[in-house]
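I opened my notebook to look up pockets and surface in this structure. Here is what I am working from.

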Amino acid sequence: MAYGIIAGLSLGFINNMTAPKIAAQEEAARLAAISEVMPDAQFFDPDTADEIEYLVGYSDSSKSEVVGYVITAYGSGFSSTIRTVVGLRPDFSITAIEIVYQSETPGLGDNAVKSPSPDQEPPFEVQFDGKPIDNIKVDKDGGPIVSLTGATVTSRAIAN
């Protein structure tokens, strides 16, 4: 019982020490993803519609020209809830997507975020660029997005 109490207290202490650092790293990754999916925007304002929070991107400080919108989408993958930052143009076509969190099966679902080289975007993410949001489906559902081999659930979660 003493070992259990000591282990529990130690884990609680370590969690309290690392939680703020983990939250700061997640926020930094989110901000980097926002810049990645909406590179033309210099200023962002948060907004809400139908209880969905999003950012409105503007090209200038006077906020007179809307260049797009950024939303964080959540999808239930095979092993985790996948968080994806999505950039949309004013006509609601996708500028880019950036998967900021996933814990999918190594070698299958996690291929959604793998790049052939460090200076290239992941091929799965690139498929979404320029597509209108009304036709974002995987190929097995009649859409233009080619599913990851062996990871249709992950592919559908990101597309949905």
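Which elements each supply at least two residues of the lining of the largest pocket? I found β2 (52–58), β3 (66–76), β4 (81–88), β5 (94–101) and α3 (152–159).

A note on the ground rules: I am reading a predicted model, where local features need pLDDT of at least 70, side-chain atom pairs count only at pLDDT 80 or more, and totals for chains, interfaces and linings use all residues. Residues are numbered from 1 along each chain as its sequence is written, and side-chain values use heavy atoms, with hydrogens and water left out.

**Entry: the largest pocket.** I looked up its volume and got about 470 Å³ of space. Its lining has 23 residues, and those closest to the centre are Ile71, Ala73, Val86, Leu88 and Ile133. Strand β3 gives the largest share of this lining, six residues. By class I noted 20 nonpolar residues, three polar and no charged.

My terms: a pocket is an open set of points on a 1 Å grid over the protein atoms alone, where a 1.4 Å probe fits, with protein on both sides within 12 Å along at least five of seven lines; lining residues have an atom within 4 Å of a point. A volume is the space filled by probe spheres set on the points, which are joined across faces, edges and corners. Helices (H or I, at least four residues) and strands (E, at least two) are DSSP runs, numbered from the N terminus. Ala, Val, Leu, Ile, Met, Phe, Trp, Tyr, Cys and Pro count as nonpolar, Asp, Glu, Lys and Arg as charged, and the others, Gly among them, as polar.

**Entry: the second largest pocket.** This one holds about 320 Å³ of space. I counted 19 lining residues, with Glu27, Arg30, Thr72, Tyr74 and Val85 nearest the centre. Two or more residues come from each of α1 (2–37), β1 (43–49), β2, β3, β4 and β5. Helix α1 gives the most, five residues. The lining here has eleven nonpolar, two polar and six charged residues.

Entry: I found Met1 in the segment before α1. Ala29 sits in helix α1 and is partly exposed at 35% relative accessibility, a class that runs between the exposed cut-off and buried (under 20%).

Key:
Buried < 20%, exposed > 50% of the residue type's maximum accessible area, 1.4 Å probe, protein only.
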